Amino acid sequence: MRQETAETLSRFAAEDAARQAAREESVVRRAAERAAGQDRCIELRKKKNDAEYWANEFRHPDNIRREQQKAKHWKDRLWWECKQVN
């Protein structure tokens, strides 16, 4: 009886250790994914701001239109990927 109990407790301890290791790995992976997502959002925001800046700087209507379209595209990407309005 004691032998069975010891074996069961040993098995439970091994399972608990495996679950804890999986949890820690998951936390690290999610933190890396979150950081990568934030980097992507920063990149999208910079592209949108750059297009908006050049849309206001250019004089030729074709250039202005092109930059406005790019700004709209990056604004949409920023919304769909990062759920950010600005």
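Biologist: Is Trp80 buried or exposed?
Modeller: Trp80 counts as exposed, because its relative accessibility is 57%. Buried means under 20% relative accessible area, exposed over 50%, and partly exposed in between, with a 1.4 Å probe and protein chains only. This is a predicted model, where local features need pLDDT of at least 70 and side-chain atom pairs count only at pLDDT 80 or more, while totals for chains, interfaces and linings use all residues. Residues are numbered from 1 along each chain as its sequence is written, and side-chain values use heavy atoms, with hydrogens and water left out.

Biologist: Which helix is Trp80 in?
Modeller: Trp80 sits in helix H2. Helices (H or I, at least four residues) and strands (E, at least two) are DSSP runs, numbered from the N terminus.

Biologist: Change of topic. How many disulfides does the structure hold?
Modeller: There is 1 disulfide, and its partners are Cys41 and Cys82, with an S to S distance of 1.9 Å. A disulfide is a pair of cysteine sulfur atoms within 2.5 Å.

Biologist: Why is the disulfide called left-handed?
Modeller: Because the torsion about the S-S bond of Cys41 and Cys82 is about -110 degrees.

Biologist: Are those two cysteines buried or exposed?
Modeller: Cys41 counts as buried at 11% relative accessibility. Cys82 is buried too, at 13%.

Biologist: What is Cys82 in contact with, leaving aside neighbours within four places in sequence?
Modeller: Cys82 is in contact with Cys41, Leu44 and Arg77. Contact means heavy atoms within 4.5 Å. As for Arg45, its C-alpha atom is 9.8 Å from that of Cys82, and the two are 37 residues apart along the chain.

Biologist: Now Glu67. Buried or exposed?
Modeller: Glu67 is buried, with a relative accessible area of 4%. This residue is found in helix H2.

Biologist: Which residues does Glu67 contact, apart from neighbours within four places in sequence?
Modeller: The contacts of Glu67 are Ala51, Trp54, Ala55 and Phe58.

Biologist: Zooming out, how many helices and strands are in the protein chain?
Modeller: The protein chain has 2 helices and 0 strands.

Biologist: What box do the C-alpha atoms fill?
Modeller: The box is roughly 90 × 15 × 15 Å, taken along the principal axes. The radius of gyration is 26 Å, whereas a compact globule of 86 residues would have one near 12 Å. That radius is taken over C-alpha atoms, and the globule rule is 2.2 Å times the number of residues to the power 0.38.

Biologist: What share of the 86 residues is buried?
Modeller: Buried residues make up 13% of the chain.
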